[in-house]
Number of protein chains: 4
Amino acid sequence: MGIVLGPNRYGKAQTRVVRVDRDGDRHSLRDLNVSVALAGDLAATHLTGDNSQVLPTDTQKNTVYAFARRHGIASAEDFALLLARHFVDSQPGITRARVDIEQYDWRRLGPHSFERDGGSTRTATVRYDGDRAEVIAGLSDLVLLNSTDSEFRGYVVDPYTTLPETDDRILATAVDARWRYAGTAPPGGFDAAHTAVRQALVDAFVGTYSRSLQQTLYAMGERVLTDRPDVVEVRLALPNKHHLLVDLSPFDLDNPNSVFVAADRPYGLIEGTVTRDDAPPELGQW
Amino acid sequence: MGIVLGPNRYGKAQTRVVRVDRDGDRHSLRDLNVSVALAGDLAATHLTGDNSQVLPTDTQKNTVYAFARRHGIASAEDFALLLARHFVDSQPGITRARVDIEQYDWRRLGPHSFERDGGSTRTATVRYDGDRAEVIAGLSDLVLLNSTDSEFRGYVVDPYTTLPETDDRILATAVDARWRYAGTAPPGGFDAAHTAVRQALVDAFVGTYSRSLQQTLYAMGERVLTDRPDVVEVRLALPNKHHLLVDLSPFDLDNPNSVFVAADRPYGLIEGTVTRDDAPPELGQW
Amino acid sequence: MGIVLGPNRYGKAQTRVVRVDRDGDRHSLRDLNVSVALAGDLAATHLTGDNSQVLPTDTQKNTVYAFARRHGIASAEDFALLLARHFVDSQPGITRARVDIEQYDWRRLGPHSFERDGGSTRTATVRYDGDRAEVIAGLSDLVLLNSTDSEFRGYVVDPYTTLPETDDRILATAVDARWRYAGTAPPGGFDAAHTAVRQALVDAFVGTYSRSLQQTLYAMGERVLTDRPDVVEVRLALPNKHHLLVDLSPFDLDNPNSVFVAADRPYGLIEGTVTRDDAPPELGQW
Amino acid sequence: MGIVLGPNRYGKAQTRVVRVDRDGDRHSLRDLNVSVALAGDLAATHLTGDNSQVLPTDTQKNTVYAFARRHGIASAEDFALLLARHFVDSQPGITRARVDIEQYDWRRLGPHSFERDGGSTRTATVRYDGDRAEVIAGLSDLVLLNSTDSEFRGYVVDPYTTLPETDDRILATAVDARWRYAGTAPPGGFDAAHTAVRQALVDAFVGTYSRSLQQTLYAMGERVLTDRPDVVEVRLALPNKHHLLVDLSPFDLDNPNSVFVAADRPYGLIEGTVTRDDAPPELGQW
């Protein structure tokens, strides 16, 4: 019964890079938070402190900045592909790379003026194993609310049930979505694809009469797969941001779905995947 | 040399209330975070535990919900005025009230569907002393960036100075602004006034060629006072969200204001007030 | 090419429960944050809104509180086992449960007085599939620092390398550890086991002369497995909380490892698993 | 009716500095977060962009690091005094300085090994106007809980009251305290004074049978002033971290102060000052 090194990886997390591009007087921005994780033949550094296969995380950071200058940032996904391929292809000791990027969007206010869009954050993940590259785009903290057209009834009742059924409630969530592309070059490019998937998610949330947040989740994933043939799988994590009707009867007031407490926690959390039945297996949980 | 009770106050902080209004099928939302602080003759509870002058913070919370139903929420400021006056005017032991509100805005997606606008948060503060009421509106986390038209030179050089002068840098900040109205009913109402002040702040940031963030701060405050006769004072706290040019020379790359590190801390912090010279004194720091 | 429902689960996240036990005048506390996730035959709710197999998350929350009263909280792990088994064993439609608990520790100040220990948070995860139960304990945010006995040299140098080698640096990290027990009843109980594993992690960090954070990671995991036969696997995520030596030469000052910047980001992130070679497979990533 | 520049200040916020001292093999740490704010004749930079009186915030940061090396860090308060005096006394255009420091404490694990104490944070504020210096020490996030010996009754009942009286509840708070010293050199030094004041606050919380959190607040402040003649004023902000008894009657369970919800918000917030009646006026809110 020996003790052995299991799965491992290392890298530089959260390198913040902003690239400004100038088209004459008109500037544009890419504002990214880049995290790199590398794996390979790293037993020596763990077991003996022999670092001869270790590309320092400081070098990874430098590479992010140098690549931003040398290659530009066509999109978060394209930049992640470039980096992931570089690390594996240039380092004999590295066999797998994962690059995670958060992109912060800015609204244009003028030729060289911008306001940060504080809503949802765009995400991109690339995995590359020296052979295959996989692109998973996403978004987080897209907060949506329907003030009606949501009910919740017909559920299991057990000895611990006190929740009354409702046929009209607020349904609100902070969408966390991740979708996997079929390849590495969706038609129209990654920016346009992201915009379209985001719109599909929003449209499905808005347009679905909801009997449960699960039903809404499935509708959102299905809509993305229907609209976008280049997407093979959608994962959604939807917190149920409860809005609880306040009991105003002690004050001789009714409350016809008018005044709510926006509760923080606990919260319901609905997680699910909607997938094509012929989606290729993922490159790895890793 | 005795020990005495000094300034004190108490209240319920962060009551989250959402009010839905229905105009037929078309709904609208107010989403607030309400904090109440009351002061008055509260020596007994501090010194002896006699609570006969204490309106429990739980009751304050209930009042927020009941008032949201009974009176609606015309605006954050109007709602704060209503609450502040209620507590002082109805409680003999309470002589001063302060109500602080954060408002979270939602973009309309459909007749009863909304997306939370994750950008800047709107704030409202009302102070009331039984006689005079004072309204201070504000916003926080409005993140703005100019990618040029900013320089910084001609400053003091002392033995600890290493910063090189620059005639072209990124200027970025997260605006925290508070402005005091002359009265309690700005022409057009508080919502329209807020929109106009916000726009004045943004316009001044965008339109000012900046020799220092202080200069930009003054320009922003001045613009508000010029545009809005109903505002008597503007306070601004502007963190200098440094974007540092990366030295790419080790990689044989130039960097003509192209690739930056978005730094977190330390950061410069510029705070200042722009005021009318005949602004009435504030009701109190309290 | 059809669209289908993939892996899914749902539950109540972050139910905050505090249980007070009284042994005469001497009280004790358990302070937990409990998250439940259930899976099973949930296609109907996703596809048609038929909730007849859904145990509402509100009921899950009620169960947490009722069980805290009925059964007490022997330990976070025991409580998680109790809950996980209950949901699967009592609900025909539920086949798998996962319970995640954070425990906040309190230091005793008196018979019924406590100070919250703001350091590391204890975690417990239980997975149960109706047959097998698996217990993974852990801790997060245990911040450790060695001010010497750490070096970093002999690494790969590529065109993007600028980092100088060092034979004396600060090594600091915020330990995030998860360890899997062989069974569901470690000798001495879960509380004692947790204390022992924590101590092993700290001892190994303190006692290891470090040539890389990877080496320290492995030493920490190995120490746990050596000390505790009831643990089969240890996973560690160690951010390298960089402390950068400040260049004081512009001020005619030396800096012999005396004054450092504590940097926030980017940071190195080292993740790895140390395992017994005969560890049974995990019950699931799920 | 002119528009004028009102109160203003600027500085570098959140400079993170760690100083390691070596006494042979035995090391010790100071881990600070330093914020500087300066005021003076700064109209020119605001109005015209003339920076000839501006000491750049970058220089302020450099000064923090250089002083940490040159003078060491005897205590957070001493270091703040040193910095505040330097900026005002060396810069003709600067007439007032404020230095705010957070200190993060570390527990010793070995001669050069430490664990960060994640509990309360120590704070120090120094104001200096070229003549007088004022030292305000403090702490935040000291979370205390009494599981009995707290009641709340006899309060005002109005039409919005629903809270039942209680003669036995949990009382919990996160202490935020600021205390002002009579001078700049308390007997025994700032570290010992801080330890003593912290202990007085804790002892008073633990030892007070509480009829309201206000009463506990006063007892805490009074204890500090009684124990420490070198302290002239204590300000406390005490959130009432509500622990709500769960109604378990739907499950045929009693709940004799056994199982509680630890609520996040809303929360009561009690703020008050306990002062000597001959305390000198504060140097300024500024």
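Residues are numbered from 1 along each chain as its sequence is written, and chains are lettered from A and ligands numbered from 1 in the order in which they are written. In this predicted model local features need pLDDT of at least 70, side-chain atom pairs count only at pLDDT 80 or more, and totals for chains, interfaces and linings use all residues, while side-chain values use heavy atoms, with hydrogens and water left out.

With contact taken as heavy atoms within 4.5 Å, 7 residues of chain D touch 7 residues of chain A. The two chains bury about 610 Å² between them, 58% of it on carbon and sulfur atoms, where buried area is the accessible area (1.4 Å probe) that two parts lose on being put together, summed over both.

The interface of chain D and chain A holds 2 salt bridges, each being a side-chain nitrogen of Lys or Arg within 4 Å of a carboxyl oxygen of Asp or Glu. Asp264(A) forms a salt bridge with Arg265(D), and the closest N and O atoms are 2.6 Å apart.

When the copies are superposed by least squares on the C-alpha atoms of residues with pLDDT of at least 70 in both, chain D can be laid on chain A with an RMSD of 0.0 Å by a turn of 180° and a shift of 0.0 Å along the axis. The two copies are therefore related as by a two-fold rotation axis. Of the residues of chain D, Asp264(D) comes closest to this rotation axis, its C-alpha lying at 4.0 Å. Because 100% of the interface residues of chain D are also interface residues in chain A, the copies meet through the same surface.
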